[in-house]
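Biologist: Could you take me through this structure slowly, and tell me for each label what it rests on?

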Amino acid sequence: MLAFACFSSTAYSAARCSPASYREARSAMTSQLLATGYSKTQVGFLMRNANRMTSEMRADKLNEKAKACGIESARAYVLECLDKQLFPLKYGTSASLDDEKQTKGFWGKKRLTVRELLFIGEFHACLGAAKEYLFRG
């Protein structure tokens with residue numbers, strides 16, 4: 001359900017350029033993560049990997065509508081989508097976001113906290129939405 005909401009919000013706004021640059025969106029996401037309980041170590045890990053994955057998005061692959069905005073705008077959309085999807089979850093949760101879970105090794109780590117897993121899952125949904133609506137004809 002959350003992935004569908006991300007697809008919908010990205011698709012709706014894909015016709016308009018992002019008002020923020022990727023650098024601004026990255027800075028805002030970093031601040032939001034720190035303000036909502038992510039540790040500096042977690043933020044560094046998550047943003048380093050998010051940056052790596054969004055930097056793989058290539059300008060020559062943008063569709064016609066997205067070309068007018070540019071690659072930095074497309075990259076910023078991923079983090080803006082993530083912001084819209086991830087941060088409403090901070091309210092009313094009864095689960096401990098700092099519980100660790102054993103994984104198959106997402107982003108190079110085998111033990112991740114629930115909050116890291118939330119970020120990674122929503123990030124991939126938003127990255128997929130951006131690729132679907134900004135990079136295909």
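Modeller: Let me begin with a term we shall need: a crossing of two helices is right-handed if the near helix is turned clockwise from the far one by less than a right angle, and left-handed if anticlockwise. In this model, which is predicted, helix α3 passes helix α6 in a right-handed crossing.

Biologist: What is the overall make-up of the protein, before we look at that pair?

Modeller: The secondary structure comes to 6 helices and 2 strands, and along the sequence they follow the pattern α-α-α-α-α-β-β-α. Of the 137 residues in the protein, 44% are buried, and among contacts between residues at least 6 apart in sequence, 70% join residues at least 24 apart.

Biologist: Why are α3 and α6 called roughly parallel?

Modeller: Helix α3, residues 40–55, and helix α6, residues 114–134, pack at an angle of about 15 degrees, with their axes 11 Å apart. Angles under 35 degrees count as roughly parallel, and α3 and α6 are therefore given that description.

Biologist: Which residues of α3 and α6 meet?

Modeller: From α3 come Gln42, Phe45, Leu46, Met47, Ala50, Met53 and Thr54, and they meet Arg115, Glu116, Phe119, Ile120, Phe123, His124 and Leu127 of α6. By class, the residues of this contact of α3 with α6 divide into 9 nonpolar, 3 polar and 2 charged.

Biologist: What makes α2 roughly antiparallel to α3?

Modeller: The axes of helix α2, residues 22–35, and α3 come within 10 Å and cross at roughly 155 degrees. The cut-off for roughly antiparallel is an angle over 145 degrees, and the crossing angle therefore makes α2 roughly antiparallel to α3. The contact is made by Tyr22, Arg26, Met29, Thr30, Leu33 and Leu34 of α2 together with Lys40, Val43, Met47, Arg48, Ala50, Asn51 and Thr54 of α3, and its residues comprise 7 nonpolar, 3 polar and 3 charged. Here again the crossing is right-handed, as α2 passes α3.

Biologist: How do you know whether Gln85 is buried or exposed?

Modeller: Gln85, which lies in helix α5, has a relative accessible area of 8%. Buried means under 20%, so Gln85 is classed as buried. The C-alpha atoms of Gln85 and Leu118 are 9.9 Å apart in space, although the two residues are 33 apart in sequence.

Biologist: What makes the pairing of Asp98 with Arg115 a salt bridge?

Modeller: The closest N and O atoms of Asp98 and Arg115 are 2.9 Å apart, and the cut-off is 4 Å between a side-chain nitrogen of Lys or Arg and a carboxyl oxygen of Asp or Glu. Asp98 lies in the loop between α5 and β1 and Arg115 in helix α6, so the pair ties together parts that are 17 residues apart in sequence. Arg115 counts as buried at 6% relative accessibility, whereas Asp98 is partly exposed, with a relative accessible area of 44%.

Biologist: Where do Arg111 and Glu100 lie, and how do their side chains meet?

Modeller: The side chains of Arg111 and Glu100 meet in a salt bridge of 3.0 Å, N to O. Arg111 lies in strand β2 and Glu100 in strand β1, so this pair ties together parts 11 residues apart in sequence.

Biologist: How many salt bridges does the structure hold?

Modeller: The structure holds 7 salt bridges, including one where the side chains of Arg58 and Asp60 meet at 2.5 Å, N to O.

Methods. Residues are numbered from 1 along each chain as its sequence is written. This is a predicted model: local features need pLDDT of at least 70, side-chain atom pairs count only at pLDDT 80 or more; totals for chains, interfaces and linings use all residues. Side-chain values use heavy atoms; hydrogens and water are left out. Axes are lines fitted to C-alpha atoms, for helices over the stretch in contact, and angles run from 0 to 180 degrees between N-to-C directions. Helices (H or I, at least four residues) and strands (E, at least two) are DSSP runs, numbered from the N terminus. Angles under 35 degrees count as roughly parallel, over 145 as roughly antiparallel, 65 to 115 as roughly perpendicular and the rest as oblique. Contact means heavy atoms within 4.5 Å. Ala, Val, Leu, Ile, Met, Phe, Trp, Tyr, Cys and Pro count as nonpolar, Asp, Glu, Lys and Arg as charged, and the others, Gly among them, as polar. Buried means under 20% relative accessible area, exposed over 50%, partly exposed in between (1.4 Å probe, protein chains only).
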